[in-house]
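Have your viewer ready and try each task before reading its solution.

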Amino acid sequence: MNSLRIVGVSFQSLPVALREDFALTSDKIENAPVILKDVFGLTEIVCLYTCNRIEFYYTSQYEVDPISLFCYLSNSAGELNQKIESNIYHYVGENVTQHLFSVICGLKSMVIGESQIFHQIKKAFQISSRNDCVKKDLNLLFQFAFKTAKEIHRLTQLDKIKNSVSSLAVEL
């Protein structure tokens, strides 16, 4: 697990105006894992793009500059490097596991317990798997995260309450 890493930004660390600079078309999202894996010599990668967070979960035998990895797909990467340097988070090993579990269970969402992120992570995992960018380590991590999130939602009955930004907005 020492080679397990994550680099990302979320609504908690970077304003929406700057996150929008990283917006990708659906074609680019589909190809992002393959491109980043090849360019940076990664062993595995899962690329998560949502309106509230952008994260790259990856394994590598080599040191990779997290900011370069994060900014590579952006059209204005040079400008963005300086803008996001203090807003980007980067975790290694066990901290990656803790972060993923918190995110997938909705604990790091705008609305605590929000379940939409589970499906977004699952889709990101499927894209990377389909593109042969997931091997043993990330497969094990994500499968366990999916199982744990389902169990937590079942035990806490989070699925029984309105727990998304859109459902709360409609209610208000």
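The exercises below concern ring pairs in this predicted model.

**Exercise 1.** Find how many aromatic pairs the structure holds, then classify the one formed by Phe 40 and Tyr 72.

*Solution.* Start with the total: there are ten aromatic pairs in the structure. Next, take Phe 40 and Tyr 72, whose rings are 5.6 Å apart centre to centre with 85° between the planes. Planes over 60 degrees apart count as edge-to-face, and this pair is edge-to-face. Finally, locate the partners: Phe 40 belongs to helix 2 (residues 26-40), while Tyr 72 sits in the loop between helix 3 (66-71) and helix 4 (77-84). The pair thus links distant parts of the chain, 32 residues apart.

**Exercise 2.** Decide whether Phe 40 is buried or exposed, and do likewise for Tyr 72.

*Solution.* Buried means under 20% relative accessible area. Phe 40 counts as buried because its relative accessibility is 19%. Tyr 72, at 41%, counts as partly exposed.

**Exercise 3.** Work out the geometry of the pair Phe 56 and Phe 70, and what it ties together.

*Solution.* The ring centres of Phe 56 and Phe 70 lie 5.6 Å apart and the planes meet at 65°, so this pair is edge-to-face. Phe 56 is in strand 3 (residues 53-59) and Phe 70 in helix 3, so the pair ties together parts 14 residues apart in sequence. Both Phe 56 and Phe 70 are buried.

Terms used. Residues numbered from 1 in each chain as written. Predicted model: local features only at pLDDT ≥ 70, side-chain atom pairs only at ≥ 80, totals over all residues. Heavy atoms only, no water. Phe/Tyr/Trp six-rings, centres within 6.5 Å; stacked < 30°, edge-to-face > 60°. Helix = DSSP H or I, 4+ residues; strand = E, 2+ residues; numbered from the N terminus. Buried < 20%, exposed > 50% of the residue type's maximum accessible area, 1.4 Å probe, protein only.
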